[in-house]
Amino acid sequence: MNEKVAAVLAKKGRTPVAELTAYDYPTARLLDEAGIDMILVGDSLGMVVMGYPDTTHVTMEHMLHHCAMVARGVKRALVIADMPIHSFDTPEQALANARRLMDTGVDAVKLEGGADKEEVIRAITSAGIPVQGHIGLLPQKVLEEGGYHMKGKTDAEAAAIMRDMEAVVRAGAFSLVMECTKSAVAAAVTRACPVVTIGIGAGHGTCDGEVLVLHDAMGAFPWFMPKFATQFAQVGAAITQGVRDYIASLRLPE
Ligand code: KIV
């Protein structure tokens with residue numbers, strides 16, 4: 001097994017696994033040097049870096065460009081490339097695109113979907129590429145579902161999330177993200193799950209670890225902040241102040 005994947009799996013049940021997104025070299029290098037376990041080159045790139053309203057505008061070309069930047073900045077952490085919408089519609093297409101992403105220097109790929117993506121995930125893991133699954137709320141379905149809605153509110157939804165976890169695990173994923181599921185569901189899935197669960201908007205202390213979009217966690221996208229996200233720094237405010245100080249420092253020649 002890949003050493004970085006083994007190191008993450010060894011943390012299950014012992015110490016929380018920390019994952020954050022990054023999209024460029026300096027940020028990835030800062031995260032790596034600060035001790036993060038996993039860095040996700042998320043397709044949230046489309047929203048917090050490229051200014052699109054959702055992640056459905058992100059293409060393989062965008063991801064390849066940013067994955068290469070992140071991979072160059074990281075020595076220690078496990079780097080995961082998000083597979084953009086329609087890059088994994090069939091097992092063959094998914095494997096070909098996973099290989100292109102791995103060629104940028106990342107260590108693993110992530111894709112959205114549960115039982116419906118079991119064959120797709122198996123095609124990638126069978127080729128020796130580590131996969132992180134993503135179940136619960138799937139942001140790539142925002143247009144189909146008409147918004148972002150919490151999952152696991154009914155017994156039927158909770159059972160479907162459990163079945164999704166089982167399918168993703170059967171297909172060979174080493175980890176899975178659980179997004180915006182009721183916290184009791186996230187905790188039950190984590191108890192039943194042999195691989196590393198990573199929560200986002202699924203309650204604190206319910207999963208083996210957590211992931212946040214870096215811009216949400218660091219206050220670098222002050223125009224929108226998901227309700228569940230905690231801000232650990234105010235980068236946007238620091239830049240605004242720095243720019244004002246710079247403008248005020250300028251002088252004309254005497
Ligand atoms: O694209 C992304 O950043 C993600 C995380 C929110 C899990 O998928």
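## Exercises on a predicted barrel model

Trp223 has a relative accessible area of 67%, so it is exposed. The model used in these exercises is predicted.

**Exercise 1.** Which two residues form an aromatic pair, and is the pair stacked or edge-to-face?

Solution. 
- Step 1. The structure holds one aromatic pair under the rule applied here.
- Step 2. That pair is made by Phe221 and Trp223, with 5.1 Å centre to centre and 85° between the planes.
- Step 3. Planes over 60 degrees apart count as edge-to-face, and this is the class of the Phe221 and Trp223 pair.

**Exercise 2.** How many strands make up the closed barrel, and what is the sense of their pairing?

Solution. 
- Step 1. Eight strands close the barrel in the order E1-E2-E3-E4-E5-E6-E7-E8, and the pairing is parallel.
- Step 2. On average, and with direction ignored, neighbouring strands of this sheet are turned by 25° against each other.

**Exercise 3.** Describe how E3 and E4 are joined, and which helix packs on them.

Solution. 
- Step 1. E3 and E4 (residues 108-110) run parallel and are joined by three bridges.
- Step 2. Ile80 has Ala108 in E4 as its bridge partner.
- Step 3. Helix H5 packs on the sheet and touches both E3 and E4. The direction of H5 makes about 130° with that of E4.

**Exercise 4.** Is strand E7 largely enclosed or open, and which residues lie on each of its faces?

Solution. 
- Step 1. Strand E7 covers residues 196-200, and five of its five residues are buried, so the rest of the structure largely encloses it.
- Step 2. One side of E7 carries Val196, Ile198 and Ile200, the other Thr197 and Gly199; all are buried, which leaves both faces covered.
- Step 3. Towards E6, E7 pairs in the parallel sense over five bridges, and Met178 has Gly199 in E7 as its bridge partner.
- Step 4. Towards E8 (residues 209-212), two bridges join the parallel strands. Here Ile198 stands opposite Gly209.

**Exercise 5.** Locate His86 and Cys180, and decide for each whether it is buried or exposed.

Solution. 
- Step 1. Most residues other than glycine have a negative phi.
- Step 2. His86 is not a glycine, yet has a positive phi of about 65°. Cys180, also not a glycine, has a positive phi of about 45°.
- Step 3. His86 belongs to the loop between strand E3 (78-82) and helix H5 (91-102). Cys180 belongs to the loop between strand E6 (175-179) and helix H9 (183-192).
- Step 4. The relative accessible area of His86 is 54%, so His86 is exposed.
- Step 5. Cys180 has 11% relative accessibility and therefore counts as buried; the cut-off for buried is under 20%.

**Exercise 6.** Where is Glu33 placed, and what separation do the C-alpha atoms of Glu33 and His65 have?

Solution. 
- Step 1. Glu33 lies in helix H2, which spans residues 25-34.
- Step 2. With a relative accessible area of 57%, Glu33 is exposed.
- Step 3. Glu33 and His65 are 32 residues apart along the chain, and their C-alpha atoms are separated by 22 Å.

Terms used:
Residues numbered from 1 in each chain as written. Predicted model: local features only at pLDDT ≥ 70, side-chain atom pairs only at ≥ 80, totals over all residues. Heavy atoms only, no water. Phe/Tyr/Trp six-rings, centres within 6.5 Å; stacked < 30°, edge-to-face > 60°. Buried < 20%, exposed > 50% of the residue type's maximum accessible area, 1.4 Å probe, protein only. Helix = DSSP H or I, 4+ residues; strand = E, 2+ residues; numbered from the N terminus. Pairing = 2+ DSSP bridges. Axes fitted to C-alpha atoms, helices over the stretch in contact; angles between N-to-C directions. Contact = heavy atoms within 4.5 Å.
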